Structure formats: structure tokens, C-alpha cells
Amino acid sequence: MRHARNKHIPSNNLTIVNLSQNKKLSILVVEDNMEDAKVLVKAIEQTGLAKEVQVTSTIDHAISAAGNKEFDCIYLDYHLPGRNGSDFIRFHTQTTGKGNIIMFTGQDDMHTAVECMKMGASDFLHKSQITPASVAKSLRYVTELKTARENAEKNEAALIESEFRLNSIIARS
């Protein structure tokens, strides 16, 4: 996929695509190139895993959307007007602590991919790899990570409660 300068999504545009109500995931796509966004949204639709896809074209609009709603997955283009994907990763991981971001770019830059993963992105796809199969794999990976995080949090809370009860028993004896 190539960035055609004249095919950018207007910066004030937020598109919401509602899919079948039987599906599960709420997804945010942050992409300034309309053609690239269409390809990704179509691939997402073809996975059958999403109930809603929101598309926005700037980091500022993505921050606003993520501040108003919790998304199961965020597909984030790295190269955007004015700011880059790492700006959003920093904001998102600091405010939510969640790594449900999948970076994608048309650039062949493994250094950028590694840096984004270190900052908190869960996966990284090259735009040429956007297919229903690769999107489904990345969505499953992000949801498995989310489930693992939630289980770890529950287990930690149960351990703390158990420790508290043990200390109470010891204190009474």
C-alpha cells in the first residue's frame, strides 16, 4: 500500500463502521491514508471478530477516541501528520497501561518496529502483510494477551486477599 498524498482522510473525520451485533471486538484504526484504512477495515470485517471499527486520521483524534471509549484493539499507523505512532503509544500506555496496540506501517524499518514493541505495542505488521488471516492472528494475539493480563490481575488480587486472611489468623492466635 502506498501513501497517496491526495487520498488522506480529512483530519477532523471520525468514521464508525458498525458490524454484526454477534461479533465481539471494538477496534480503533488510526490511519491518515483513506485507501490503506479501507484495506485494513475490510480485512477486519472479513475476520468476523469485530462488532465495531472506528477510523480516525490523527494522533489527537485517536487520543480523544481512546479517552472516551475502551477499545479491545488499536491498529496504529506509525507515520501520521504532525505526530507519529510512538506519541500515541506513550500516551496510551501511561494512561491505560494496556498493550492492545498493533502498529502498522508501509516502511521497512525494523528499528521502529522494535522501539514500538519496547514502548508497549503488542504487535507490528507491515502494510503489505494486511490480510484477513494476518489481522485475525494479530487480533487473537492481542485478546489472548488481554485475557492473560486480566487473569494475572485476578490472581494477584486473590493472593493479596489470601495473605491478608493469613495475617489476620496469625494475629488472632
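Here are a few notes on one helix and on the aromatic pairs in this predicted model.

1. Start with helix H2, which runs over residues 59-68. Its buried residues are Ile 59, Ala 62, Ile 63, Ala 65 and Ala 66. They sit on the same side of H2, because the arc they cover around the axis is only 165°. As a reminder, an α-helix has 3.6 residues a turn, so residues three or four places apart point the same way.

2. Now look at the other face of H2. Turned away from the buried side, you'll find the exposed residues Gly 67 and Asn 68.

3. On to the rings: the structure holds two aromatic pairs. One is Tyr 75 with Phe 104, an edge-to-face pair at 6.4 Å centre to centre, with 65° between the planes. This pair links distant parts of the chain, since Tyr 75 belongs to strand S4 and Phe 104 to strand S5 (residues 101-105), 29 residues apart. Both Tyr 75 and Phe 104 are buried.

4. The rings of Phe 88 and Phe 91 form a tilted pair, because their planes are at 50° and their centres lie 6.1 Å apart. Both residues are in helix H3, three residues apart, or about one turn of the helix.

5. Are Phe 88 and Phe 91 buried or partly exposed? Phe 88 counts as buried because its relative accessibility is 0%. Phe 91, with a relative accessible area of 26%, is partly exposed.

Notes: Residues are numbered from 1 along each chain as its sequence is written. This is a predicted model: local features need pLDDT of at least 70, side-chain atom pairs count only at pLDDT 80 or more; totals for chains, interfaces and linings use all residues. Side-chain values use heavy atoms; hydrogens and water are left out. Buried means under 20% relative accessible area, exposed over 50%, partly exposed in between (1.4 Å probe, protein chains only). Helices (H or I, at least four residues) and strands (E, at least two) are DSSP runs, numbered from the N terminus. The arc is that of the directions from the helix axis to the C-beta atoms. Rings of Phe, Tyr and Trp (its six-membered ring) pair if their centres lie within 6.5 Å; planes under 30 degrees apart count as stacked, over 60 as edge-to-face and the rest as tilted.
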